[in-house]
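Subject: Structure handover

Hello,

Here is the structure you were going to look at, with the sequence. My notes follow below it.

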Amino acid sequence: MATEMEPSDVIRLIMQYLKENNLYRTLSTLQEETTVSLNTVESIDSFITDIKSGHWDSVLLAIESLKLPDNTLIDLYEQVVMELIEMRAVGAAHSLLRQTDPMIMLKQTQPERYIHLDNLLTCSYFDPCEAYPKGSTKEKRRRAIAEALVRESMRIQPYADHLAPDTTVDTTVHMDRQVEKESFPTQLYRQIKVWKVQSGLCLRRFEHAHNKGVTCLSFSKDNTQILSASFNQTIRIHELRSGKTLKELNSHSSFVSDAFFTQDGSHIISASSDGTVKVHEKDVIGIAHHPNENLLATYSEDGLLRLWKP
């Protein structure tokens with residue numbers, strides 16, 4: 001018995017075997033030397049649930065190792081931007097729209113579609129009837145994206161399930177077939193650059209500001225510090241002169257969409273896709289909770305002890 005397969009799918013079939021038998025070192029070497037990705041996720045059911053529920057931070061994390069067609073990536077990132085705008089997470093939506101290759105590619109190849117997203121971003125309200133084409137809804141778009149992503153992540157599964165021991169694999173019949181270009185989904189920029197507008201000079205570069213994409217930035221009132229938030233759920237305060245990270249705040253359970261210093265510089269306000277807005281004391285050294293009363297006490301670097309009633 002013979003079956004036709006792409007050469008890359010033969011490699012993926014071997015990778016699937018290596019993964020199922022916990023031969024991860026060999027799997028890693030094969031991926032590195034062939035530049036072919038296994039193109040699968042840990043749990044298809046969980047993956048579909050995350051897409052249909054709009055848990056996009058989990059979805060983007062799951063597809064980091066996948067190679068996907070450009071059109072699939074564009075559809076995915078467009079939907080994420082759309083839903084961020086609907087949640088009024090404008091900072092995160094702006095970062096995705098301006099900084100990721102799928103959206104840059106959309107701007108170059110389908111400018112009208114990109115302009116539509118840009119207009120939604122700057123609009124003061126979100127109307128689903130205006131956002132989605134006639135006959136389409138958020139739920140329908142999620143289902144379509146789920147089907148496309150699962151189809152890509154399960155491309156070799158039919159072969160794995162049905163190949164008999166005596167099967168002959170023919171890899172020559174598809175050599176001339178035109179296949180859609182695949183590319184890795186681009187991550188948001190993780191570094192920060194500070195520029196002097198008049199001269200165009202880069203004054204300061206923060207190479208490893210976060211280990212995931214930066215969603216927003218804010219300067220302190222005296223311009224000595226810069227605040228950054230990220231898809232890794234953290235907020236960091238950096239010293240502009242030295243480039244050092246002075247402090248990290250980690251109190252959100254999902255990515256931070258916006259964060260900024262208050263006018264007097266004593267607090268930081270942050271908003272997250274976990275649905276919360278939080279106020280952080282910038283220079284808190286210690287915190288304690290009263291055992292009997294609903295009170296919090298904080299001690300900060302300015303020497304003040306403050307009592308809070310949550």
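Strands S7 and S8 run antiparallel and are joined by 5 bridges. Strands here are DSSP runs of E with at least two residues, helices are runs of H or I with at least four, and both are numbered from the N terminus. Two strands are taken as paired if DSSP finds at least two bridges between them. Ser218 has Leu227 in S8 as its bridge partner.

Before the rest, the basis of the numbers. This is a predicted model, in which local features need pLDDT of at least 70 and side-chain atom pairs count only at pLDDT 80 or more, while totals for chains, interfaces and linings use all residues. Residues are numbered from 1 along each chain as its sequence is written, and side-chain values use heavy atoms, with hydrogens and water left out.

The sheet with S7 and S8

S7 and S8 form a hairpin with 5 residues between them. In that turn, Asn223 has a positive phi of about 60 degrees. Asp222 also lies in the loop between S7 and S8. Asp222 and Asp264 are 42 residues apart in sequence, and their C-alpha atoms are 10.0 Å apart in space.

S8 (residues 225–230) pairs with S9 (residues 235–239) over 5 bridges, and these two strands run antiparallel. Leu227 has Ile237 in S9 as its bridge partner. The hairpin of S8 and S9 has 4 residues between the strands, and Gln233 takes a positive phi near 75 degrees there.

S8 is mostly covered, with 6 of its 6 residues buried. Gln225, Leu227 and Ala229 point one way from the strand, Ile226, Ser228 and Ser230 point the other way, and all are buried.

The open sheet has 4 strands in the order S7-S8-S9-S10, with antiparallel pairing. S7 (214–219) and S10 (245–249) are at the edges with a single partner strand each, so one side of each has no neighbour in the sheet. On average, neighbouring strands of this sheet are turned by 20 degrees against each other, direction ignored. The angles use axes that are lines fitted to C-alpha atoms, for helices over the stretch in contact, and run from 0 to 180 degrees between N-to-C directions.

The sheet with S11 to S13

Another open sheet, of 3 strands, has the order S11-S12-S13 and antiparallel pairing. Its edges are S11 (256–261) and S13 (277–281); each has a single partner strand, so one side of each is left without a neighbour in the sheet. Neighbouring strands here are turned by 20 degrees against each other on average, direction ignored. S12 (residues 267–272) pairs with S13 over 5 bridges in the antiparallel sense, and Ile269 stands opposite Val279 in S13.

Helices

H7 (residues 101–109) packs with H8 (residues 111–122) at an angle of about 125 degrees, and their axes are 5 Å apart. The contact residues divide into 5 nonpolar, 2 polar and 2 charged (nonpolar means Ala, Val, Leu, Ile, Met, Phe, Trp, Tyr, Cys and Pro; charged means Asp, Glu, Lys and Arg; the others, Gly among them, are polar). From H7, Met103, Leu106, Lys107, Gln108 and Thr109 meet Pro111, Arg113, Tyr114 and Leu117 in H8 (contact means heavy atoms within 4.5 Å).

Met87 lies in the loop between H5 (70–86) and H6 (90–99). At 49% relative accessibility, Met87 counts as partly exposed. Met87 and Ser273 are 186 residues apart in sequence but 8.0 Å apart in space, C-alpha to C-alpha.

The chain overall

The protein chain has 11 helices and 16 strands. Of its 310 residues, 37% are buried. Among contacts between residues at least 6 apart in sequence, 49% join residues at least 24 apart. The chain exposes about 18000 Å², of which carbon and sulfur atoms supply 52%. Accessible areas come from the Shrake-Rupley method with a 1.4 Å probe, and for residues only the protein chains shown count as cover.

Regards

Notes
Buried < 20%, exposed > 50% of the residue type's maximum accessible area, 1.4 Å probe, protein only.
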